[in-house]
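Let's walk through this structure together, one region at a time. Have the sequence and the 3D view side by side as you read.

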Amino acid sequence: MAAHIAHLEGVLAGNPEETVDVGEPEHVTGLMGLYTEQGVVARSEHSPDDLINEIREAATRRHTALVADPPTDGTAKPEPIFGGVGWDWNTLLRNRPLDVWMHEQDVRRAVDRPGGMDSPAAQHTADYLSESLGLVLARRVGAPAGTTVVLELEGSDPVAFGVTDSRRGEQLTAVAEQPTVRLSMDRESFILLAGGRRAPETGAIRIEGDHELGNQIIETLAVTP
């Protein structure tokens, strides 16, 4: 995880791209997966201190550059950008805090040092991931037109999504008092589900309304690659 972050932050800071042979690892799917695997393999001999220093140096350079010349058009294409992704500045600058914070939480769980759930990055990540609920409801679950869901997360304002007549999931401007289903949970449980990490603790999720639909949403909520 640290090697992955060091790789992407380094490229964004202007470091040269790395090309190494990664073979055909079973856990990698897609071209972007192969791209990020190169950064990990290229750092397989690096010590933890090497990785920490690389991340700090790259982050300092990026911060200095952004402060000196902040992007004024969120729809413009950043240069450089990793992997040739077609993101604009809006997407890139929303994604990076999510990616870095999610991996911080991976490390915290691995070493049994929980924390950081009340930070600005935590709220940003939870709110960002919640925007995918419409896609989950309409495309993955295949809910019929008129279906509505309200998501209540600890520390965030409730959000509501509905399925349109064209079977698209859209965020609603008003939170329905009696949606088809209402899901309530703490922030960490949602992060675990939407981040595709693991199931949350038993009893952490409350479903009101259509329990079958609620369970379908929970089972297909993972939206990170």
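Strand S2, residues 159-163, is mostly covered, with five of its five residues buried; strands here are DSSP runs of E with at least two residues, helices are runs of H or I with at least four, and both are numbered from the N terminus. Buried means a relative accessible area under 20%, exposed means over 50%, and partly exposed lies in between, using a 1.4 Å probe and protein chains only. The cover is found on both faces of S2: Val159, Phe161 and Val163 are buried on one side, and Ala160 and Gly162 are buried on the other. Before going further, please keep in mind that this is a predicted model, in which local features need pLDDT of at least 70 and side-chain atom pairs count only at pLDDT 80 or more, while totals for chains, interfaces and linings use all residues. Residues are numbered from 1 along each chain as its sequence is written, and side-chain values use heavy atoms, with hydrogens and water left out.

Now look at the partners of S2. Strand S1 (residues 148-153) runs antiparallel to S2 and is joined to it by four bridges; two strands pair if DSSP finds at least two bridges between them. Within this pairing, Val149 stands opposite Phe161 of S2. The hairpin of S1 and S2 has five residues between the strands, and Gly155 takes a positive phi near 90° there. S2 is also joined to strand S3 (residues 169-171), again antiparallel, by three bridges. Here Val163 has Gly169 of S3 as its bridge partner. In the hairpin of S2 and S3, with five residues between the strands, Arg167 takes a positive phi near 65°.

Next, turn to the helices. Helix H1 (residues 2-12) packs against helix H2 (residues 30-42) at an angle of about 105°, and their axes are 8 Å apart. These axes are lines fitted to C-alpha atoms, for helices over the stretch in contact, and angles run from 0 to 180 degrees between N-to-C directions. H1 and H2 are therefore roughly perpendicular to each other, a label that covers 65 to 115 degrees, whereas under 35 counts as roughly parallel, over 145 as roughly antiparallel and the rest as oblique. H1 contributes Ala3, His4, His7, Leu8 and Val11 to the contact, and H2 contributes Tyr35, Thr36, Gly39 and Val40, where contact means heavy atoms within 4.5 Å.

Glu9 meets Arg62 in a salt bridge, at 2.8 Å from N to O; the term means a side-chain nitrogen of Lys or Arg within 4 Å of a carboxyl oxygen of Asp or Glu. This pair links distant parts of the chain, with Arg62 in helix H3 (residues 48-68) and Glu9 in helix H1, 53 residues apart. Arg96 also forms a salt bridge with Glu9, and the closest N and O atoms are 2.8 Å apart. Arg96 lies in helix H4 (residues 89-110), 87 residues from Glu9. Glu9 is buried at 7% relative accessible area, Arg62 at 12% and Arg96 at 4%. Together with Asp99, these residues (Glu9, Arg62 and Arg96) are linked in a network of salt bridges.

Elsewhere, Arg206 and Glu208 form a salt bridge at 3.3 Å from N to O. Arg206 is partly exposed at 46%, and Glu208 is partly exposed at 36%.
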